[in-house]
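Have a look at it, then read on.

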Amino acid sequence: MLPSRRGRPARVPAALALLLATAAAAGALAACGDTGGLRGAGATPAARSPARLWPGLTPASSPAYDIGEVEHAVVEGVAVPGGDVRRADPVAAVRAEIAARPDDYAGAKAPYHETSVRMADCGTDGTGDGAGDGAGDAGCPVLRPYYRDLTGDGRPEMTLGFRLLPEKLTAVRVYTVEKDRLVRVMSYEDAVSAVELAGRTVIVRSPSEVAGYEYRLQWTWDADQRAMLLTSDEMLRTDDGGRHTKRPSASPSAAASPSSPSSPSSPSSRASDR
């Protein structure tokens, strides 16, 4: 339709419309001819449905291993003033986890004993309001916390990381608040290259043993489970020209156990799978 003087489309007689359409088509063909003409893209491969293997195999009814796929644990002894996670002390959250897992942190033979020792370098002003909490201090294994709404309830969650020493691993945790209590809803530890937040998702990148590739794992909030669930686990190409860092071997003592707050991707379980 052609625009009228008032800016509204004016009706075009059917014969004129057909004439315009024919002229436009002829012009398009002429333009294609000027640039070398139409070219075929080749044969299109036929669509194939997935081929199911071993159709007689009895389906499994339960997982072979309890790997703690859902992380939802109240952190005892850590105050959340006013129900605001930004006022909770991140260093206190890590200390509470260390106290709950003595086999991993206590004693010279514990795999992460150096983390426990270096917690003394995490200064605090005792206010518990997120200021001067010691996260990120020199020598302190607790990294700076980040705050973003990951559950969609309009309130921020705390994403926290801390180094697992002397192993070259990083623990990544996500905490939310329920009834003024600090609740851990994601737990992962491995050799970590980068951590990103995107929408309701936590993305963790880890080096691969295969040159030019990395692992990318994504956790997304699930309202039914009230936890961040591992929704994607991929091996992708990197842009570093094949340079990579070999993933350190995980300690056997870091394996998931009924009393341990580790996740399905704890270093021992993930390293053994890869």
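In what order do the 5 strands of the open sheet come? The order is β3-β7-β6-β5-β4, with antiparallel pairing. Keep in mind that this is a predicted model: local features need pLDDT of at least 70, side-chain atom pairs count only at pLDDT 80 or more, and totals for chains, interfaces and linings use all residues. Residues are numbered from 1 along each chain as its sequence is written, and side-chain values use heavy atoms, leaving out hydrogens and water.

**The sheet**
- Strands here are DSSP runs of E with at least two residues, helices are runs of H or I with at least four, and both are numbered from the N terminus.
- Two strands pair if DSSP finds at least two bridges between them.
- β3 (73-74) and β4 (146-148) sit at the edges with a single partner strand each, so one side of each has no neighbour in the sheet.
- β6 (residues 169-178) and β7 (residues 181-190) pair antiparallel over 9 bridges.
- Thr 170 has Asp 190 in β7 as its bridge partner.

**Aromatic pairs**
- Rings of Phe, Tyr and Trp (its six-membered ring) pair if their centres lie within 6.5 Å; planes under 30 degrees apart are stacked, over 60 edge-to-face, and the rest tilted.
- By that rule there are 2 aromatic pairs.
- Tyr 105 and Tyr 112 make a tilted pair, 5.8 Å centre to centre with 50 degrees between the planes.
- Tyr 188 and Trp 219 have ring centres 4.8 Å apart and planes at 55 degrees, so this pair is tilted.
- It links distant parts of the chain: Tyr 188 is in β7 and Trp 219 in β10 (residues 213-222), 31 residues apart.
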